[in-house]
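This briefing concerns the predicted model shown below.

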Amino acid sequence: MRHRLGRTLRTPVGLAAAVAVVFLVLVAVFGPMLLGARADAVDTDAINQNPGPGHLLGTDALGRDIAARVVVATRLSLELALGAAAIGVTGGVLLGVAPALVGRRLGRLLTAAVGILVAFPSLLFVLFLATIFGVGARGAMLAIGLALVPPMARLVQNLTASVAGSDYVAAARVLGVGRWRMMTRHLLPNVAEPCVLFAATATAGSLVAFAGLSFLGLGVQQPEYDWGRLLNEQLNRVYVNPLAALAPGAAVVVTGLMLALVGETLAQAGGRRAAGAVPKSGRASGTVTASRNIATDVDTLVEVRDLTVGFGVGRAAVRGVSFRIARGEAVGLVGESGSGKSLTALALADLLPVTATAAAGMMVVPKAGTETAVVFQDPMTSLNPALRVGRQLAEVAEVHRRATRRQAWRSAVERLAAVGIPTAERRARQRPHEYSGGMRQRAMIGMGLMGTPRLIIADEPTTALDVTVQRQVLDLLAQARRDSGAALLMISHDLGVVAQVCDRVLVMYAGVIVEELPVADLFTGARHPYTRALAHAVPTMSTDLEAELATIPGRPPQPGERIEGCPFAPRCASAEDRCRTEAPPTERRDDGEGSVACWFPVAARKEAIG
Amino acid sequence: MSALQVDELTVRYGRMTAVDRVSLQVAPGSVTGVVGGSGSGKSTLGRAVVGLAPVSGGRILVDGADAKSLRHRGAHPVQLVFQNPYASLDPRMTIGASVAEALPRMPGPQRRDEAARYLDLVDVDPAYLTRTPDTLSGGQRQRVALARALAARPRVLIADEITSALDVSVQGAVLNLLRRLQREAGFAMLFISHDLAVVRYLCDRIAVLDEGRLVESGPADEVLRDPQHETTRTLLASIPARPAVPGGQEAAA
Amino acid sequence: MSLTAAVRASEGARTALRHHPWAAFVLRRTGRLAVSLFVLVTASFAMIHLIPGDPVRAALGPSADPGLVAAQRHALGLDEALPVQYVHFLGQLFTGRLGDSISNQMPVSEVIADRLPNTLLIAVPAFCLIMLLAIPIGMGAAVFTRDGRRRRAELGFAAVTGVVSAVPEFLLAVGLVAVFAVAWPILPVASQDGPLSYVLPVLSLTIVPAAALARIVRVEALRVLGEDYMRTARAKRLPARLRYLRHALPNLLTASLTVGGLLFTSLIAGTVLVESVFAWPGLGSTIVQAITAHDYPLVQGAVLVFGLGALLITFLVDVVVAAADPQSTIRGN
């Protein structure tokens, strides 16, 4: 955190925050020393003067210089705000961590109590406490400070509760780490950042609250004065000398903004939190710039040549991918995370994020929306939780087939029934949360079948599902393909899943297709060392129990990493010098059943030895 | 005497019974696999054994002694390796400190050496001691989590779906490591997984859970060759058929 | 009813609740409301006893006649035992009486009935305006600047709403007065005087929360636009109008409503200051005057009404949001 703070201070926001802090401290320290006498000097000859050369903002009812008073008031205003914030933050942290330290029952009681207290508006809280403590600066500080306790405590409670529920705290508990050590080593370090941010916000908030209370006459009392008090004194002269009323107000706003800036800087220095606040780049538009030419022959449904997808300059995630899919064919696209397989699929469905840049020498795909159906990985999040499932299917027909509402609804119910949803009539009227995971994925498939799909793109359709329903969803996909005659592109990391459904497999590694092969060869006849290793890295029901599993040392290159030669060379046991310098071309296999991009394909080497 | 003996264990959350009177044993130096679909209670069972889930009935014995009575002396005699290596290491701690936390009391320099030794044991470069988890890959993190669990010198190790969050190409390496360590050190292990093929590779015995109940258990090869319970058959059938093993498809029919 | 029948009935209710998570949620939430109400009532009762020294002496001044003080103490029931006073206080509450004001001897309930409508007359229009402004602006800003396009517009939006939402309402009120009533006198300032006199108070209450809410709505909208189901809507090639209005907006509303409810309770508080600036005869300025005048029965009454309003609104919002978005709310609780 410390070196990150240094880095943040060098950003424009950080620099501004640092300057702001220095400025506030200087004004608060030297203001009263330099201008104190002038601010208190009563001058009966110059009562209620308007701004002029002698008095920049005019004078008040006793002839005192208002500009000087605004500057001098900085110290008291800041002191009171910091004092109240200190009370609030200290109380809030103590009350917030208490439930984690005391017993379960008492902890629950504390949580409930804080939950009830936060429901009351904080100003009401302040007024209530101000009534009890009486009118005056000290009472107001206590009131504002105590009113900050419940929201702060709620924040700390929520944060500690989420950290306390994390696996690493569970692991520490199993290791016998004591309560105190748990608090100081695991809980507090992990909640500190948002608390610091909240403290900055709380200081700004109590500054404003103080200004409000003093303005109402409930805070600072004469002869002391803060900004709120000055505002209170000058408000009735707003028609005569508006500047005198606006100046203390402006001081409050500017100081509040400075404190917000400080909070912002601390949050940025916190790093992880700031990164979380940046919205993840949504999957909006982002179209492949390609000539959508006509396919080379009538049997070809999809033809892609030299597809590249990247983020920013030089960060290519898909680096020149070419393949074709025939009508009605089922093709699997396998690879590990970061291999570019999902981006390839998204490019095909024209669903790339707008931040991605994509280009292709040639790209022939059926029409998106009506002729291409897409099934995503997580059915829990892919259906809109606010809309009835039937509606989400029906709207496809309404938009693309111009069906009436009633017709569309009827065909939605039919589709739901067709994908095996029992009592479809009733189920169509439910919202997704009433469906199980498997049923949601069925509904997603049904949604794709609302059009007349010629291509179904399924991106890890079973990964998020329970093992026992995986099979059913795969069977349903196969059935949908049979019934509609559509081709299928199945993206998966699981070779077994692909082997079960597909005719042909494309293997991707580091943004390129390293091998294309018929599914029958996937486990026994692969030529590329990567495909071979992948097929044996995970045990199957026929794995030799005495042998070690095949492993691939190292890790796959990150998207955008500079790659020279064969991308797999650093992890490949049979790599030679040539592999590290020269990228292997994709060559058709002798039997024409597939292709491989490797200088030393496995079968070829065997022949050479034998 | 079993290394781990679970008797009639019941775990309830409110009205929901997550684990329902489950009994099983793990012999010293052996591996028992616990399989089931999601919601079968297999993870809750593992958490209950190490005291992370509320036990509302039954007993847990480690080497014949009640686990609760063993608790008072520092680390739990049963250690758990969690599913998600991205969540199971404190992001604010160096991995050296995380592993050292599991070690018994000893002087500083010796502690450091011990932590380094455990990292070395799981094939992680001991030079990584001072790194924080965010600089490590998923596979490396899972190795560190394994090192931390072993550093507490557990009588029994529980591995809860430890490869399901990892990339395919590193799963095999972690499984090889776990099998090697288990055979060399000879600790007893409860291996929780939904993947029967992985369980078959690692385990001597298999226990099948469904809706919190133990529905079948026995030696691994017997259970897989001749499954008695419907749940076991469904699980077997859900393994994607590979061209080399047509058995799975037949079981589904 | 026999015991078994009672047991069966309660079990029936329990099964019903298990099958209707929303009903169970409303029931739990009602329980919390009841506890909160109890806390509110007890706190406002306790207030007068927590004040250091003699509240009556404080109200009437140090030079007041001892006989008068004693009479007032008796009128407030302060000469009785604490539990008796509490029961008496609760009894009064149920009949809608809140005692008499010390400063003008009027029944507190009458004072409140007189002032509360004035507060609502500016708070309710302000609330509607806030929602009508913030949701379209926030959502528009999100759509306009999503995926990091138009960085400059995004920064401008963040800067303007950030600065505006940092301005306290009453300072904005003073600023508005300085501009629209002093520098460029087109609008009336003090007191109720025709529809135009509502403009400045309502605007003072609207602008700051609207900016704050617009920021939140934008962040929420960006989150919604990045959800998987929005990608599904794109995959279906729905026209943009349908994607935003039918698919994004409902999901956005539930989140905005939760914040909106909190906002309304803070709006009640905002009226306290804004009313003081405009000398608006509402409940907010009344409570301030009552505190300054040590008129404790009136403070008590006003605190009760404000607190009750806040609790009821958050309750309603929670219940409505739970009905609209059962999954997230009920599981989250």
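A residue is buried if 20 or more other C-beta atoms lie within 10 Å of its own, exposed if 12 or fewer, and partly exposed in between, with C-beta atoms placed from the backbone. By this criterion, eight of the ten residues of helix 12 (residues 283-292) of chain C are buried, so this helix is largely enclosed by the rest of the structure. The model is predicted: local features need pLDDT of at least 70, side-chain atom pairs count only at pLDDT 80 or more, and totals for chains, interfaces and linings use all residues. Residues are numbered from 1 along each chain as its sequence is written, while chains are lettered from A and ligands numbered from 1 in the order in which they are written.

**Helix 12 of chain C**

- Helices (H or I, at least four residues) and strands (E, at least two) are DSSP runs, numbered from the N terminus.
- The buried residues of helix 12 of chain C are Leu283(C), Gly284(C), Ser285(C), Thr286(C), Ile287(C), Val288(C), Ala290(C) and Ile291(C).
- These buried residues pack against helix 5 and helix 8 of chain A, and against helix 6 (108-145), helix 11 (240-278) and helix 13 (296-324) of chain C.
- His294(C), which follows helix 12 of chain C, has a positive phi, near 55 degrees.

**Interface of chains A and C**

- Two residues are in contact if their C-beta atoms, placed from the backbone, lie within 7 Å.
- Of the two pairs of chains that touch, chains A and C have the most contacts.
- This contact involves 57 residues from chain A and 63 residues from chain C.
- On the side of chain A that touches chain C, helix 10 of chain A gives the most, with nine residues.
- That side of chain A has 40 nonpolar, 13 polar and four charged residues; Ala, Val, Leu, Ile, Met, Phe, Trp, Tyr, Cys and Pro count as nonpolar, Asp, Glu, Lys and Arg as charged, and the others, Gly among them, as polar.

**Chain B**

- In the interface of chains A and B, 49 residues of chain B are in contact with 46 residues of chain A.
- Helix 6 of chain B provides the largest share of the side of chain B that touches chain A, seven residues.
- The residues of this side comprise 24 nonpolar, 18 polar and seven charged.
- No contact joins chain B and chain C, and their closest C-alpha atoms lie 10 Å apart.
- Within chain B, 13 of the 14 residues of helix 5 are buried, so helix 5 of chain B is largely enclosed by the rest of the structure.
- Arg153(B) follows helix 5 of chain B and has a positive phi, near 45 degrees.

**Sheet of chain A**

- Eight strands of chain A form an open sheet in the order 7-8-9-4-10-11-13-12, with mixed pairing; two strands pair if DSSP finds at least two bridges between them.
- The edge strands, strand 7 (372-375) and strand 12 (587-588) of chain A, each pair on one side only.
- Strand 10 (residues 504-509) and strand 11 (residues 512-518) of chain A run antiparallel and are joined by six bridges.
- Val507(A) stands opposite Glu515(A) in strand 11 of chain A.

**Ala349(A)**

- Ala349(A) lies in the loop between helix 12 (341-348) and strand 5 (356-360) of chain A.
- Ala349(A) is buried, with 22 other C-beta atoms within 10 Å.
- Not counting residues up to four places away in sequence, Ala349(A) touches Ala368(A), Thr372(A), Val374(A), Ile457(A) and Ala235(C).
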